[in-house]
Amino acid sequence: MRTLIKLGGALLDSADLRKQVAAEIADLAREGHRRLVLVHGGGKQMTRYLAERGVESRFINGLRVTTPAVIDAVTKVFAGSVNSELVMALRAAGARPVGLSGLAAGLVDAEILNPELGQVGRPVRSDPRLLELLTEAGYLPVVACIAGDSAGTIFNVNADQMAVACASAFRAQTLLFLTDVEGVKDATGAVNARVTKSEARGLIEDGVATGGMQAKLEASVHALENQVGEVLIAPGARPGVVGEILSGSAIGTRIIP
Ligand SMILES: Nc1ncnc2c1ncn2[C@@H]1O[C@H](COP(=O)(O)OP(=O)(O)OP(=O)(O)O)[C@@H](O)[C@H]1O
Ligand SMILES: [Mg+2]
């Protein structure tokens with residue numbers, strides 16, 4: 001079974017939470033019947049890193065406006081500290097993680113999404129051979145959300161879009177987004193167990209799903225349209241969530257066609 005788990009930045013920001021999630025993922029990797037790939041974000045860490053340097057974060061529809069100063073920070077934070085800390089938490093938990101980004105051997109290539117967003121990339125090509133090699137040999141790829149192109153450009157890619165590009169190329173049956181909320185909330189604030197593609201569009205149009213959740217729902221719909229079998233959005237801080245949700249428990253929100 002092929003599974004892609006995307007870890008949100010807020011989950012990876014506390015050492016305790018990182019340790020908890022890493023232990024659950026390492027257990028899953030040890031079971032051995034699953035080919036597992038991780039993709040991670042780092043939104044919270046990036047906002048903090050920029051603020052410490054007097055750079056304000058700006059977003060359009062949940063996507064970070066990426067000026068030249070921001071793209072430099074993107075490589076340092078996403079592919080540097082956040083990736084390394086996650087890799088080491090996984091190692092301490094007994095897994096065999098390999099830290100990567102979309103730059104590695106054309107894993108994910110991108111092009112400019114919208115000039116207003118600066119150096120934000122839209123994934124356009126993904127070469128899954130590296131993921132095949134590593135998972136076949138028992139390693140756990142840990143992919144940071146930056147992508148490149150054949151001319152040597154580096155792009156900031158929203159981590160949810162990055163997860164979809166990797167899940168689709170890797171032919172993952174399951175895409176699990178672990179985030180910092182219980183699931184997708186409707187206008188009353190209740191978490192919905194199921195959200196259809198058209199409901200997801202409605203939540204965005206009505207301004208109920210905004211910012212990072214807007215980006216996640218758009219990515220989820222894109223995943224279902226690109227051969228990913230199931231898409232789940234769940235609370236990463238809930239103890240036991242990884243094992244429970246992948247064995248079929250109804251936690252969080254399932255995005256359905
Ligand atoms: N309708 C909604 N239901 C749930 N969360 C929502 C909704 N609308 C907006 N949000 C926001 O979306 C956030 C999750 O997206 P966010 O991009 O912050 O996290 P992430 O994608 O898990 O992490 P990263 O961006 O670092 O990869 C929540 O913390 C919440 O504030
Ligand atoms: Mg996000």
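## Helices α6 and α7

In this predicted model, helix α6 (residues 197-205) packs against α7 at an angle of about 155°, and the two axes are 10 Å apart. Axes are lines fitted to C-alpha atoms, for helices over the stretch in contact, and angles run from 0 to 180 degrees between N-to-C directions. Helices (H or I, at least four residues) and strands (E, at least two) are DSSP runs, numbered from the N terminus. The pair α6 and α7 is therefore roughly antiparallel; angles under 35 degrees count as roughly parallel, over 145 as roughly antiparallel, 65 to 115 as roughly perpendicular and the rest as oblique.

The crossing of α6 past α7 is left-handed, a term used if the near helix is turned anticlockwise from the far one by less than a right angle, with right-handed used if clockwise. From α6, residues K197, A200, L203 and I204 make the contact with Q214, L217, S220, V221 and L224 of α7; contact requires C-beta atoms, placed from the backbone, to lie within 7 Å. By class, this contact of α6 with α7 comprises 6 nonpolar, 2 polar and 1 charged residues. Here Ala, Val, Leu, Ile, Met, Phe, Trp, Tyr, Cys and Pro count as nonpolar, Asp, Glu, Lys and Arg as charged, and the others, Gly among them, as polar.

## Helices α5 and α7

Helix α7 (residues 211-224) also packs with helix α5 (residues 159-169), at an angle of about 15° and with the axes 9 Å apart. That angle makes α5 roughly parallel to α7. The crossing of α5 past α7 is right-handed.

On the α5 side, D160, Q161, A163, V164, A167 and S168 meet A215, K216, A219, H222 and A223 of α7. The residues of this contact of α5 with α7 divide into 6 nonpolar, 3 polar and 2 charged.

## Helices α2 and α3

The axes of α2 and helix α3 (residues 68-92) come within 10 Å and cross at roughly 130°. Helices α2 and α3 are therefore oblique to each other, and α2 passes α3 in a right-handed crossing. Q45, M46, Y49 and L50 of α2 make the contact with V70, A73, V77 and V82 of α3. This contact of α2 with α3 has 7 nonpolar, 1 polar and no charged residues.

## Overall form and conventions

The protein has 8 helices and 14 strands. Its radius of gyration (taken over C-alpha atoms) is 17 Å, close to the 18 Å that the globule rule gives for 257 residues, so the protein is as compact as a globular protein of that length. The globule rule is 2.2 Å times the number of residues to the power 0.38. Along its principal axes, the C-alpha trace spans about 45 × 45 × 35 Å.

Residues are numbered from 1 along each chain as its sequence is written, while chains are lettered from A and ligands numbered from 1 in the order in which they are written. As this is a predicted model, local features need pLDDT of at least 70, side-chain atom pairs count only at pLDDT 80 or more, and totals for chains, interfaces and linings use all residues.

Note on methods: Contact = placed C-beta atoms within 7 Å.
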